[in-house]
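Have the model open as you read.

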Amino acid sequence: MGSTVVSYSSQCVGLAAPTNIVARVSGADLDRISGRTHMSTQFYGVRSGALGAKGWVRSSTRICTRIPVLIIKARVVNEVEDIFPDAVSKSLEFDLDSYLRAKAKAVNVALDKAVPMQYPEKIREAMRYSLLAGGKRVRPALCIAACELVGGNEDLAMPSACAMEMVHTMSLIHDDLPCMDDDDLRRGKPTNHKAFGEDTAVLAGDALLAYAFEHIARATTGVPADRVLRVIAHLGKAVGSEGLVAGQIVDIASEGDRTVGLEILEYVHTHKTAVLLESAVVSGAILGGASEDEISRLSNYARNVGLLFQVVDDILDVTKSSAELGKTAGKDLVADKATYPKLLGLEKSRAFAEELIRKAKDQLSVFDQQKVAPLLGLADYIAYRQN
């Protein structure tokens with residue numbers, strides 16, 4: 001087989017040379033025979049992302065190697081070290097792919113129900129066009145996962161999860177406008193203003209933003225009113241002049257400015273991208289009844305994951321095609337915007353992303369590793385995504 005591979009600490013990655021597969025050790029299924037370590041394994045089909053290769057379960061088999069159990073941490077790498085077999089975490093058994101599909105399906109049903117067609121049809125059609133255009137539903141999944149982690153459930157979090165997607169969709173509609181990024185493609189379809197005109201696109205974004213807060217207030221049930229108010233306040237700050245809008249205005253002002261450095265770039269991405277992911281996680285935690293210490297840890301996790309999301313976005317923008325991304329590739333380069341690859345280079349950008357994912361996961365170390373598996377998996381998903 002060549003190099004033997006193992007997943008560790010809630011991550012399913014490893015060496016795959018010379019074949020295009022990754023093998024995962026199944027916890028206690030290890031025994032020593034004639035000096036070899038026999039391992040019951042699960043094979044993963046590898047796919048390439050911004051930071052390397054990542055995989056999902058495909059089939060099971062049994063292999064043996066002269067090397068003891070190996071540890072691989074963040075991605076496919078070329079070096080391994082020996083560890084004891086009992087260090088292999090059972091949380092590896094979490095199936096992120098199925099989790100994401102299930103949450104996306106539930107969120108899509110809830111969004112469809114939340115924004116039905118009604119008079120005036122044109123504005124509702126424009127709202128639904130972008131809101132129901134697909135997408136990964138990462139923000140809703142983060143909101144629900146955080147709520148479930150601290151003792152809540154999907155029903156408690158769903159209105160806020162939908163609101164996060166409404167706000168995110170608003171930001172995409174407005175970001176694509178001619179007066180902003182002037183983009184023609186989003187999620188593989190014409191952008192909202194291309195499909196409905198600039199005037200309708202502006203109003204569709206406005207309507208989604210306003211309705212997000214209404215939906216939290218009206219549709220959330222089984223949660224104390226003070227928690228609901230706290231979620232609304234947190235989301236409002238994340239979207240306004242201290243959050244998304246702040247990041248957007250600095251981003252616009254920085255176009256073509258060759259003096260923009262890492263400090264301004266991090267400010268833009270922390271406010272334009274990370275704050276909404278942070279609000280999704282924190283809101284889920286608040287609704288589920290998290291302690292202040294838990295909220296603080298989850299906030300730090302999300303802020304690192306949010307910045308990671310944008311660093312990976314910058315990397316993908318210069319390494320993937322428009323067809324692969326579902327949006328126009330290389331547009332930041334054309335607009336002469338500061339990006340992490342532009343300021344750091346690709347390899348240092350990837351190293352920075354690895355640092356962010358490590359910091360994010362460190363914040364989750366105090367939680368039950370079975371319960372926190374979705375958030376650990378989502379961090380990996382964001383790091384290794386392809387679009």
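This is a predicted model: local features need pLDDT of at least 70, side-chain atom pairs count only at pLDDT 80 or more; totals for chains, interfaces and linings use all residues.

**A walk through the helices**

Start with helix α15, residues 373–384.

Is α15 enclosed or open? Of its 12 residues, 12 are buried, so α15 is largely enclosed by the rest of the structure. The buried residues include Pro-374, Leu-375, Leu-376 and Leu-378. Asp-380, Tyr-381 and Tyr-384 are also among them.

Ala-145 sits in helix α3, residues 138–149. Its relative accessible area is 3%; buried means under 20%, so Ala-145 counts as buried. Leave aside its neighbours within four places in sequence. Ala-145 is then in contact with Tyr-99, Pro-374, Leu-375 and Leu-378. Take the pair Ala-145 and Leu-378. They are 233 residues apart along the chain, yet their C-alpha atoms are separated by 9.3 Å.

Move on to helix α1, residues 96–114, and helix α4, residues 154–175. Their axes come within 10 Å and cross at roughly 70 degrees. Angles of 65 to 115 degrees count as roughly perpendicular, so α1 is roughly perpendicular to α4. Which residues meet? From α1 come Lys-103, Ala-106, Val-107, Ala-110, Leu-111 and Ala-114. From α4 come Glu-154, Met-158, Cys-162, Glu-165 and Met-166. By class, this contact has 8 nonpolar residues, 3 charged residues and no polar ones. An α-helix has 3.6 residues a turn, so residues three or four places apart point the same way.

Next comes helix α9, residues 262–287. It has 26 residues and reaches 35 Å from its first C-alpha to its last, close to the 38 Å expected at 1.5 Å a residue. Find Ala-274: there α9 bends by about 45 degrees. In α9, 21 of the 26 residues are buried, so this helix is also largely enclosed by the rest of the structure. Just after α9, Gly-289 takes a positive phi of about 90 degrees.

Finally, step back to the chain. It holds 15 helices and 7 strands. Of its 387 residues, 53% are buried. Consider contacts between residues at least 6 apart in sequence. Among these, 66% join residues at least 24 apart.

How values were computed:
Residues are numbered from 1 along each chain as its sequence is written. Side-chain values use heavy atoms; hydrogens and water are left out. Axes are lines fitted to C-alpha atoms, for helices over the stretch in contact, and angles run from 0 to 180 degrees between N-to-C directions. Helices (H or I, at least four residues) and strands (E, at least two) are DSSP runs, numbered from the N terminus. Angles under 35 degrees count as roughly parallel, over 145 as roughly antiparallel, 65 to 115 as roughly perpendicular and the rest as oblique. Contact means heavy atoms within 4.5 Å. Ala, Val, Leu, Ile, Met, Phe, Trp, Tyr, Cys and Pro count as nonpolar, Asp, Glu, Lys and Arg as charged, and the others, Gly among them, as polar. Buried means under 20% relative accessible area, exposed over 50%, partly exposed in between (1.4 Å probe, protein chains only). The expected span of a helix is 1.5 Å times one less than its number of residues. The bend at a residue is the angle between axes fitted to the seven residues ending there and the seven starting there.
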